[in-house]
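Hello,

Please find the structure below, followed by notes on what was found in it.

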Amino acid sequence: MPEDLEVLAIGDRCPSTLDEVLRGRRSIRRYAPRELPDKLVLEILDLARHAPCSMGAQPCCFVVIRTPAALERLAAIKNAFCAADKREAYPAGFLAEAPVVVVVCVERDRAHGRGHENGILAAAHLLLAAHARGLGGTYLTAYQPDDPGLEREIRLLLRLPPDIDPVVVVPLGFPAERPAPKRLRPLSSLIHNEIFGEPAQE
Ligand SMILES: Cc1cc2nc3c(=O)[nH]c(=O)nc-3n(C[C@H](O)[C@H](O)[C@H](O)COP(=O)(O)O)c2cc1C
C-alpha cells in the first residue's frame with residue numbers, strides 16, 4: 001500500500017452524526033448468527049427510497065430474501081458469474097450466511113433510461129441507513145453488461161417480471177468482523193481547481 005494514503009479508524013458504537021455514518025461505513029461480509037428484525041429492514045428500505053431518482057419517478061423496488069435455500073442459490077449464481085480476475089478476492093459465498101439480502105431493482109418504464117444509476121443510488125442510501133443502525137452490508141452488482149447470464153439467473157430466482165431489472169445485491173446483518181482501517185488517497189490529490197491538473201487552493 002502506498003505511503004501517501006490517509007488511515008481512517010472505525011468505531012464500534014453506532015454512529016450518531018451523518019459525518020460519522022459516511023466516514024464509518026465499511027463493507028461487512030461476516031454476520032453474527034442473529035435474526036434481523038423485519039422492523040429494522042423496513043426502516044432501512046424506507047430511507048433507501050428517499051434517494052435521488054431520475055425525473056422524480058421513484059423507479060426502485062426491493063426484493064427481500066431470507067430463505068436459506070434462496071440465499072444459497074444467489075451466492076452460487078454470484079460465484080458462477082464472477083469475473084475471473086475477481087473470483088479469488090471477492091468470493092460470494094458469504095451471501096448464504098447473511099440473515100437478509102436485499103436485491104435493489106428498478107422498474108424500467110419509470111427509470112427514464114437511467115435504471116442502473118437509480119438503483120445504485122438507492123443501494124448507497126440503503127448501505128448508509130444500515131450502518132447508521134449498527135448493521136453491516138456490502139455492495140454487489142446484479143448485472144454485468146458483458147455477461148447477461150448474471151441478470152438472467154437472478155431474474156429466474158426472484159421471478160422478476162420482464163420490466164423489472166435487478167441492479168444491486170445487498171447482504172445485511174449484524175457485523176461479526178471489523179475491517180482493517182481504511183486507507184484513503186489524499187484529498188488534495190483528488191481535487192482540481194477550475195481545470196484538471198491545477199492543484200486545489202489551500
Ligand atoms: C461497483 C462495486 C462492485 C462491488 N462488487 C463487490 C463484490 O462483487 N463483492 C464484494 O465482496 N464487494 C464488492 N464491492 C465492495 C467493495 O469491495 C468495497 O466497497 C471496497 O473494497 C471499499 O471498501 P469499503 O466498502 O469497506 O469502504 C463492490 C463495490 C462497488 C462500488
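Strand β6, residues 164-173, is mostly covered, with nine of its ten residues buried. Buried means that 20 or more other C-beta atoms lie within 10 Å of the residue's own; exposed means 12 or fewer, partly exposed is in between, and the C-beta atoms are placed from the backbone. Helices (H or I, at least four residues) and strands (E, at least two) are DSSP runs, numbered from the N terminus.

Before going further, note that this is a predicted model, in which local features need pLDDT of at least 70 and side-chain atom pairs count only at pLDDT 80 or more, while totals for chains, interfaces and linings use all residues. Residues are numbered from 1 along each chain as its sequence is written.

Which strands pair with β6? Two strands count as paired if DSSP finds at least two bridges between them.
- Strand β3, residues 100-107, runs antiparallel to β6 and is joined to it by eight bridges. V104 has V168 as its bridge partner in β6, and V102 stands opposite V170 of β6.
- Strand β4, residues 136-137, pairs with β6 in the antiparallel sense over two bridges. G136 has G173 as its bridge partner in β6.
- Strand β5, residues 140-141, also pairs with β6 in the antiparallel sense, over two bridges. The partner of T141 in β6 is V168.

**Strand β3**

β3 is largely enclosed by the rest of the structure, because seven of its eight residues are buried. I65 has V101 as its bridge partner in β3.

V103 touches V63, I65, A142, I154, L158, P166 and V169, leaving aside residues up to four places away in sequence. Touching, or contact, means that the two C-beta atoms, placed from the backbone, lie within 7 Å.

**The nonpolar core**

The largest nonpolar core has 46 residues, and those with the most contacts inside it are V101, V103, V104, L126 and V170. Such a core is a set of buried Ala, Val, Leu, Ile, Met, Phe, Trp, Tyr and Cys residues joined through C-beta atoms within 7 Å. Two or more residues each come from α2 (38-48), β2 (60-65), α3 (68-80), β3, α4 (115-132), α5 (149-158) and β6. The most come from α4, which gives nine residues.

**Helix α2**

V41, I44, L45 and A48 are the buried residues of α2. They lie on the same side of α2, because they cover an arc of only 95 degrees around the axis; the arc is that of the directions from the helix axis to the C-beta atoms. K39, L42 and D46 are exposed on the other side of α2. What do the buried residues of α2 pack against? They pack against β2, β3 and α4.

**The loop between α2 and β2**

C53 is found in the loop between α2 and β2. C53 counts as buried because it has 21 C-beta neighbours inside 10 Å. Q58, P59, C60 and N118 touch C53, not counting residues up to four places away in sequence. C53 and G119 are 66 residues apart in sequence, and their C-alpha atoms are 8.6 Å apart in space.

M55 also has its place in the loop between α2 and β2. Is M55 buried or exposed? M55 is exposed, because 11 other C-beta atoms lie within 10 Å. M55 has a positive phi of about 55 degrees although it is not a glycine.

**R159**

R159 is in the loop between α5 and β6. Its phi is near 50 degrees, a positive value in a residue other than glycine. R159 is exposed, with 8 other C-beta atoms within 10 Å.

**Around the ligand**

The residues around the ligand are R26, S27, R29, Y90, T138, Y139, L140, T141, P179 and K182. A residue is near a molecule or strand if its C-beta atom, placed from the backbone, lies within 6 Å of it. By class, this shell has four nonpolar, three polar and three charged residues. Ala, Val, Leu, Ile, Met, Phe, Trp, Tyr, Cys and Pro count as nonpolar, Asp, Glu, Lys and Arg as charged, and the others, Gly among them, as polar.

Regards
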